[in-house]
Amino acid sequence: GQLKFNNMRLPKKFLIGKEGDGLNIAFHTLAVSRAHVGVSNLGICQRMMEMAIQRAKDRVTFGKPLAQRQMIQAYIAEMGTYINALRTMIYDFAVDFDAGKDPTMKASMAKYFSIETVKLVSDYMLLIFGGIGYFEDCEYGPVERMYRDCRAMWLEEGPPSVQLITAA
């Protein structure tokens, strides 16, 4: 739906902030919301990695668990590296936010990096799961749904290109 206000007068007691600060307040709110997207992506990435590790420990091929295969170990190591870097970026944003600094740049950077992290982690998760990851009733959890749903976060609060421009 749409709302259209013509010649609307608002009593001063209902103002949020100072008169004329509306755009700054909106941008600040957008920045905080971008950080929330980053935190959501961090959570889903952490869960996807946990599920992938469990699958790698349980799945045996040619006499040994996937977790003992060097390439699977490399996938998991890269997943963990990206997740830890994202967690650190979000923490860095939070420190600045709590100190009253402008959150725009670090929020956009964290959101952008969270998109890159969720791409990598979800792809590696599915590679580790193989075909079983495409089924809704996977015994490890909703692998296919998580793979699908995490991609919707790419567009929340603007696509990756907007985050790069905002961070610049």
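F93 and F97 both belong to helix α2, four residues apart, about one turn of the helix; helices here are DSSP runs of H or I with at least four residues, numbered from the N terminus. The model is predicted, so local features need pLDDT of at least 70 and side-chain atom pairs count only at pLDDT 80 or more, while totals for chains, interfaces and linings use all residues. Residues are numbered from 1 along each chain as its sequence is written, and side-chain values use heavy atoms, leaving out hydrogens and water.

**Aromatic pairs**
- The whole structure contains four aromatic pairs, defined by ring centres of Phe, Tyr or Trp (its six-membered ring) within 6.5 Å.
- Y75 and Y124 are stacked (planes under 30 degrees apart), with 4.3 Å centre to centre and 20° between the planes.
- This pair links distant parts of the chain, as Y75 lies in helix α2 (residues 70-98) and Y124 in helix α3 (residues 104-129), 49 residues apart.
- Y75 and Y124 are both buried, that is, under 20% relative accessible area with a 1.4 Å probe, protein chains only.
- The F93 and F97 rings are also stacked, because their centres are 5.8 Å apart and their planes lie at 25°.

**Packing of α1 and α4**
- Helices α1 (residues 22-58) and α4 (residues 143-152) pack at about 150°, with axes 11 Å apart.
- That angle makes α1 roughly antiparallel to α4 (over 145 degrees).
- N41, I44, R47, M48 and M51 of α1 meet V143, M146 and C150 of α4, with contact meaning heavy atoms within 4.5 Å.

Terms used
Axes fitted to C-alpha atoms, helices over the stretch in contact; angles between N-to-C directions. Helix = DSSP H or I, 4+ residues; strand = E, 2+ residues; numbered from the N terminus. Parallel < 35°, antiparallel > 145°, perpendicular 65-115°, else oblique. Phe/Tyr/Trp six-rings, centres within 6.5 Å; stacked < 30°, edge-to-face > 60°. Buried < 20%, exposed > 50% of the residue type's maximum accessible area, 1.4 Å probe, protein only.
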